[in-house]
Amino acid sequence: MTGGALAPYAARAAASLGRRFAEPPAAPRSEFQRDRDRIVHCTAFRRLEYKTQVFVNHEGDLFRTRLTHSIEVAQIARSIARRLALDEDLIEAISLAHDLGHTPFGHAGQDALSACMAPWGGFEHNLQSLRVVDELEQRYGAFDGLNLCFETREGILKHCSPANARALGELGRRFLEHRQPSLEAQLANLADEIAYDHHDVDDGLRSGLLSLDELESVDLFADHARAVRARFADLAPRRLVHEVLRRMISERIEDLLAQTRTGLAAVAPTDIDAVRLAPPLAAFSDAMLARVRPLKQLLHSRLYRHARVVAVMDEARAVVRELFGRLLAEPTLLPDEHRIRNNAIGPRAVSDYIAGMTDRFAIREYLRISGDGPAAAALLASPLAAGALAARPVSAG
Ligand code: MG
């Protein structure tokens, strides 16, 4: 909670469904505030700084990483929560933790690890985020993980297969019974989408892979560009882009607020349990979804599937596949802590180890493992390795 009184349908820290291991109260902090603080201090959060969003981490200092992405999500989510009198600490905690389980190299890394783990229950970055906060962080004397509140864990777990849901017990039950999470969780998920749509436009332009001309073919962008040019004549391109993007973000947020308020007015949930039983209440309007579609299509065709991005990501997939195969075949290559934590040295231990790697640590680990054979030589000649080895030394910690 921050600021004024909470809406009846907000999550309430004092009425939390609790932590897996009972702890004395966090007062004067709220329980959700304590969760947020634990997330900011954990190791996986710091590693987000060196994990790919769209561009591999070392391709440039100005591109978003998972860390800056997560902070932007939290900023947008808090703004939305405040307007709806929801719990800002909870939505911030969910936003900051939502990508903790991401592999190195963004979706390419996730795809590769998921294919490697297919025979052993698969790998899914969202479920891995929960695994990080529930089990993998080793910081506290009394428990593994961060021992977060149910509401924070519920918000981190955005989707889940029926088999995984059954294995998760109470937390997984909503996926089997088709119930919703809190409004804070629903809105953090949409704040994620608002954040990446816009920062990917910015990074795409900065990289030179997207052009202003291409963006002007999208009404959502062109409408705001026209307004900005009418207000400021002869604005330098970087300022123009920022002025346009901030207006686009505001339009998305205002639409989300209006549509969500309409849903809330129709259902009139009296508490968080009513939110969980209602259909999804946080939503963009259909008009907004249609207006954003051409922007997403442009980002897909010109940025995410750009030959330069795809070439780097193909290399990244090969690195993850090779790491997995070698570490599974020769588990003594794993650091002691990963062998001990998982009791048996199995595929899940290898998967956890790889998922925790930063981009450049994965590249160094690959080179360490493959020695000076042809695989290492091929990687060194690839665009993926270009900047990683010039970066300052890194360790697994
Ligand atoms: Mg995200």
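Q: What makes Arg 38 count as buried?
A: Buried means under 20% relative accessible area, exposed means over 50%, and partly exposed lies in between, with a 1.4 Å probe and protein chains only. Arg 38 has a relative accessible area of 8%, so Arg 38 is buried. The model is a predicted one, in which local features need pLDDT of at least 70, side-chain atom pairs count only at pLDDT 80 or more, and totals for chains, interfaces and linings use all residues. Residues are numbered from 1 along each chain as its sequence is written, and side-chain values use heavy atoms, with hydrogens and water left out.

Q: Why is the contact of Glu 23 with Arg 38 called a salt bridge?
A: A salt bridge is a side-chain nitrogen of Lys or Arg within 4 Å of a carboxyl oxygen of Asp or Glu. The closest N and O atoms of Glu 23 and Arg 38 are 2.8 Å apart, so the pair meets the definition. Glu 23 lies in the segment before α1 (31–41) and Arg 38 in helix α1, so the pair ties together parts that are 15 residues apart in sequence. Helices here are DSSP runs of H or I with at least four residues, strands are runs of E with at least two, and both are numbered from the N terminus.

Q: What makes His 69, His 98, Asp 99 and Asp 192 donors of the magnesium ion?
A: Donors are N, O and S atoms within 2.8 Å of the metal (3.2 Å for Na, K and Ca); water is not among the atoms, so sites may look incomplete. The protein donors His 69 (NE2), His 98 (NE2), Asp 99 (OD) and Asp 192 (OD) lie 2.1 to 2.7 Å from the magnesium ion, so they meet the definition. Asp 99 lies in the loop between α4 (88–97) and α5 (106–116) and Asp 192 in helix α10 (residues 183–207), so the pair ties together parts that are 93 residues apart in sequence. Both Asp 99 and Asp 192 are buried.
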